[in-house]
Amino acid sequence: MAERLKEIKKHTAIAKLNDVPTSPRKMRLVADLVRGVEVNRALDILKFSKKSASISLEKLLRSAIANWEAKNQDNSHELDNGNVYVQTIMVNEGRTLKRIRPCPQGRAGRIRKRSNHVTVILDVKKPTATVEE
């Protein structure tokens, strides 16, 4: 069991980005665009996206690709063939900075400046078995 998990971890690459100063809701909109997509296509999607969250997500994806290349130096042709894809992308809520803005009648309104943590996991597509008749 442990050997099988080690073998699986050899082929997957993980990259994390903590405390990104965008709200998790805005980041999830961009993350949903590239979930399950081949990495070269995902980079193109992020490059031409107008959302500001796509800039930090593109840097994170490039980091994950570099991690994958470092782990799989003998299988570098998989990246060119388009077999490496974004297996999992998770956006979790980070810490929230609380600020105060003055409101009418001497009250104080709370401003919540949210942040998020993003995790990207890359994997190689499994070859599909062809049935011969």
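Me: In this predicted model, which side chain of opposite charge is nearest to glutamate 78, and how far away is it?
Reply: Glutamate 78 sits in helix H5, residues 77–81. Glutamate 78 is buried, yet has no salt bridge. A salt bridge needs a side-chain nitrogen of Lys or Arg within 4 Å of a carboxyl oxygen. The nearest side chain of opposite charge is lysine 125, at 9.5 Å.

Me: With which side chain does glutamate 78 make a polar contact?
Reply: A polar contact pairs N or O atoms within 3.5 Å. The side chain of glutamate 78 has such a contact at 2.7 Å, and the partner is the side chain of asparagine 83.

Me: Is arginine 107 buried or exposed?
Reply: Arginine 107 lies in the loop between strand S2 (84–102) and strand S3 (108–124). Its relative accessible area is 54%. Exposed means over 50%, so arginine 107 counts as exposed.

Me: What distance separates the C-alpha atoms of arginine 107 and arginine 41?
Reply: Along the chain, these two arginines are 66 residues apart.

Me: Which residues form a nonpolar patch with methionine 1?
Reply: Methionine 1 lies in the segment before helix H1 (2–11). Methionine 1 is exposed, at 71% relative accessible area. The patch is on the surface, with about 320 Å² of accessible area together.

Me: Which element has the lowest mean pLDDT?
Reply: The mean for the protein is 90, and 95% of its residues reach 70 or more. Helix H2 (residues 24–34) has the highest mean among the elements, 96. The lowest, 79, belongs to H1.

Definitions and conventions. Residues are numbered from 1 along each chain as its sequence is written. This is a predicted model: local features need pLDDT of at least 70, side-chain atom pairs count only at pLDDT 80 or more; totals for chains, interfaces and linings use all residues. Side-chain values use heavy atoms; hydrogens and water are left out. Patches are made of residues with over 30% relative accessible area and no salt bridge: like charges are joined within 9 Å, nonpolar side chains (Val, Leu, Ile, Met, Phe, Trp, Tyr) within 5 Å. Accessible areas come from the Shrake-Rupley method with a 1.4 Å probe; for residues, only the protein chains shown count as cover. Helices (H or I, at least four residues) and strands (E, at least two) are DSSP runs, numbered from the N terminus. Buried means under 20% relative accessible area, exposed over 50%, partly exposed in between (1.4 Å probe, protein chains only). pLDDT is the predictor's confidence in each residue, from 0 to 100. Lys and Arg count as positive and Asp and Glu as negative; His and the chain ends are not counted. A polar contact is a pair of N or O atoms within 3.5 Å; within protein, one must be able to donate a hydrogen and the other to accept it, and residues adjacent in sequence count only if both atoms are side-chain atoms.
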